Amino acid sequence: MIVDSPRHTPRDEQDASVIIREAADKGTLLNVAGNGTKSPMGRPNQTDASISSSGLTGITLYEPAELVISARSGTPLLEVMRVLAAKGQELPFEPMDYRALLGTKGDPTIGAVAAMNISGPRRIMAGAARDSLIGVRFVNGRGETVKSGGRVMKNVTGLDLVKLMGGSWGTLGFLTEVTFKVLPKQERMATLVIRGLDDRQAIEALSMALGSPFDVTGAAHVPDRDRRGGNTLIRLEGFRISVDYRMNELKRMLRRFRFMDILEGVGAEALWQSVRDVTLLTDQGNRAVWRVSTAPTRGPDLVAQVAQSLDAQWFYDWGGGLVWISTPVDGDAGASVLREATRAFGGHATLVRAPAEIRSAVDVFEPQPDALMTLSRGIKASFDPAGILNPGRMYAGV
Amino acid sequence: MTIAFPQPDKAVLARRREIVEGLGRLVASEALIVSEDERRAFETDGLTAYRRMPLAVVLPSTTEEVSAILRFCHENRVKVVPRGAGTSLCGGAIPQEDAIVLGVAKMNRVLNVDFEARTARVQSGITNLGISQAVSHEGFFYAPDPSSQLACTIAGNIAMNSGGAHCLKYGVTTNNLLGVTLVLLDGTVVEIGGEHLDAPGYDLLGLICGSEGQLGVVTEAVVRILRAAEGARPALFGFSSVEDAGACVAAIIGAGIIPVALEYMDKPAIQICEAFAHAGYPLDVEAMLICEVEGSDQEIDDMLRRIVAIAEPFRPKTMKVSQSEAESAAIWKGRKSAFGATGRVADYICMDGTIPTGQLPYVLNRIDEIVKSYGLGVANVFHAGDGNLHPLVMFNTNVPGEMEKAEKAGEDILRLCVEVGGCLTGEHGVGIEKRDLMTCQFNATDLEQQMRVRGVFDPGWLLNPAKVFPLEGRFAA
């Protein structure tokens, strides 16, 4: 981005609409952002100006008894979480905080959580951000204000543009307001830690736990550096008596994996936060970080293939379905190896952290078949015919 | 009979023979239904007041056949109405004279179940309950459970983003769908998503879900399967006012409890269901809640104790906590027979708006006023936890003009739902039924953006074209 390119911070939706309409008329390419804490992600793109949601703040609706909250897109995520916590509620999908991993500062916004579909360990039980996102307002690339969804959690009226906006990285529209379904924060959290399992044994244990009736809300495996063992984490949440009961049953079910502990309190919370925020891989200096989503049972095979050709470090979340892998920043940062693995085992890989030169040179997001790319380009054009909103941030031509 | 259909394209009608011959070259003869008698079975769906005879009906057995049929229709400019089991309550599968029906019901196999990864790949014509039955021997189930689950297909569930009684805990179709094989209008077959979570790129899976057959035809689906809870038991509460029942719902959720089901019935519904099912419902109350929780016996006991304590300040006239399977079955029997029981005493139309739950007492009182103003009766049964209403507006088909009155009352109710911050449809879909009301919920720009997206998939309006968007003001790009 040009250093002194204009930075627009609209104060309201109408402002945003005027800015975007003018940019569309002039063909001004806009970098769409919140507070920029995730700006080192995605494909680096050339833009002429930026439009930020930082001036659009404030919670616009919160009805705890209806389990719903709406906020302007630039509202700090932490503020939303604080307001919810005051009423004993939370965002069900446990959004990741990327700042430690990316080495950025500032306030992540609730709009970015929607725009990038940011979730955490509880995704396996409670769904991703897109599953809780029930309403959006945005300005499309024509400068038109559009709404989709609303404030009620059951709504099938018309095409679900909410889903399209979720995870579109600002390429389809500039979000002005988002509405999420929320859930009560659970009374108690306890984590069963199994020690000494290799990857395959760990995924087996996690699959058993996730296939049980005990409502597991976190299932991660963190191998030791020597890869001979590690910590396998299974989280339960709920009312005290219920967590006690389920923990006992879980221990009984998994008794053949000996070495078990139960972790609670601040230590356990910190542990899950480190899984959520991938801080387990941030201390590895100048290495690239990949996020790989695959079928849980194929995680270990995929990793084994990657580790044959690359000096990789990794850990698993989502019972094995999400693998965070760090690789050296040489060459393509492992892109060709990772992509071969996702082709072989199914799933997709995203290059989350790497120097801009590498993110320019390789596909940051999993390449898509031609037919899907054609649809994606068509969708992009239907929202943003001039191609001015975050052009190329996800895929070339989108 | 107030919902309009587009005028059939005479040129297409004139080509009927040629079109039927063309389709005959693509599928086996038993997969092509041509005779008027046999086509009649496909002229309507769950919205039986409306019917149109299609040009022909084709029931393919493979994705390849679906692809060939769509390509043929695309090349020959023939409209296509996709169909699952035809249980849509909003007319989503009602054909038109110049369209063929493409039914997926023959494609009903389970292709693969992976219990370890907790996924199932199925052909899209399998019934909703069929998926659960295929995995129940390992204690698993498929969570969304629309009332029609015995008959409805997963293809239809995906098209409508169907819900059910248990979505407060488990979500609706879109939250339980991992991937689809989708055939586009030009015959291209695409795989979206798969056995993993959160596909890359735009959330096309989320867009397809709930698109009412306008973007393509789903032939296979990968769904999440879940391990069933150890047990479940309901409690029943009867209140002397709608306000008390509404406040009790808010208090339960406010206390951090998410019951697996929280169902509301008003007085007329209680009486109709009790007369039919003899479920032991209280007849002296204005409103009743059925609140079900899941888990082990001790978890259920703990949770029901909490719920009873929450309900007490609202002075329930009746409070019955189920102590056994038999008592649970009795409590549910009445609720589950609501639609059938109402059908015995009257003809009815079932509305499906959603409202913010805080508006419950106001909306219920207004619904009562609205329906009375048309000289009709209404029974209310609905999912109270999520505000998805199902007012059953009762009328007598044999009295001229009553059905039109019921439709008008239904329209007023849906406008009310939108006015208080809700929406036209929570789980049934727009179809033809709510098509002309879309402008109450969306302005022209909102609808144009939706139509532009639709146009990416079907610029010529060939796929289920009479649905969802008002017939006036349509465009594609």
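Which residues does A:R353 touch, not counting residues up to four places away in sequence? The first legend gives the reply, and the others turn to the remaining views of this predicted model.

Figure 1. A:R353 is found in strand β18 of chain A, which covers residues 348–353. When residues up to four places away in sequence are set aside, A:R353 touches A:L101, A:L102, A:A288 and A:V289. With 24 other C-beta atoms within 10 Å, A:R353 is buried, because the cut-off for a buried residue is 20 or more.

**Figure 2. Overall fold of chain A.** Chain A contains 14 helices and 18 strands. Its radius of gyration is 21 Å, close to the 21 Å given by the globule rule for 398 residues, so chain A is as compact as a globular protein of that length. The C-alpha trace of chain A spans about 65 × 50 × 35 Å along its principal axes. Of the 398 residues in chain A, 58% are buried. Among contacts in chain A between residues at least 6 apart in sequence, 72% join residues at least 24 apart.

**Figure 3. The open seven-stranded sheet of chain B.** The strand order is β15-β12-β14-β13-β17-β18-β16, and the pairing is antiparallel. Strands β15 (318–321) and β16 (347–350) of chain B stand at the edges; each has a single partner strand, so one side of each is left without a neighbour in the sheet. From one strand to the next, the twist averages 15°. Within the sheet, β13 (residues 261–266) and β14 (residues 287–294) of chain B pair in the antiparallel sense over six bridges. B:D266 has B:A287 as its bridge partner in β14(B).

**Figure 4. Helices lying across the strands of chain B.** Helix α11 of chain B, residues 297–311, lies across β12 (232–239), β14 and β15 of chain B. Its direction is at about 10° to β12(B). Helix α15 of chain B, residues 402–419, lies across β16 and β18 (391–395) of chain B. Helix α15(B) runs at about 160° to β18(B).

**Figure 5. Packing of α9(A) against α11(B).** Helix α9 of chain A (residues 240–253) packs with α11(B) at an angle of about 175°, and the axes are 9 Å apart. Angles over 145 degrees count as roughly antiparallel, and α9(A) and α11(B) are therefore roughly antiparallel to each other. On the side of α9(A) the contact is made by A:I241, A:S242 and A:Y245, and on the side of α11(B) by B:Q298, B:E299 and B:D302. By class, this contact has two nonpolar, two polar and two charged residues.

**Figure 6. The contact between chains A and B.** The contact takes 74 residues from chain B and 70 residues from chain A. On the side of chain B that touches chain A, the elements giving two or more residues are α8 (204–208), α9 (242–254), α11, α16 (438–441) and α17 (444–457) of chain B. Helix α17(B) provides the largest share of that side, nine residues. By class, the side of chain B that touches chain A has 28 nonpolar, 31 polar and 15 charged residues.

Terms used: Residues are numbered from 1 along each chain as its sequence is written. Chains are lettered from A and ligands numbered from 1 in the order in which they are written. This is a predicted model: local features need pLDDT of at least 70, side-chain atom pairs count only at pLDDT 80 or more; totals for chains, interfaces and linings use all residues. Two strands pair if DSSP finds at least two bridges between them. Helices (H or I, at least four residues) and strands (E, at least two) are DSSP runs, numbered from the N terminus. Axes are lines fitted to C-alpha atoms, for helices over the stretch in contact, and angles run from 0 to 180 degrees between N-to-C directions. Two residues are in contact if their C-beta atoms, placed from the backbone, lie within 7 Å. Angles under 35 degrees count as roughly parallel, over 145 as roughly antiparallel, 65 to 115 as roughly perpendicular and the rest as oblique. Ala, Val, Leu, Ile, Met, Phe, Trp, Tyr, Cys and Pro count as nonpolar, Asp, Glu, Lys and Arg as charged, and the others, Gly among them, as polar. A residue is buried if 20 or more other C-beta atoms lie within 10 Å of its own, exposed if 12 or fewer, and partly exposed in between; C-beta atoms are placed from the backbone. The radius of gyration is taken over C-alpha atoms; the globule rule is 2.2 Å times the number of residues to the power 0.38.
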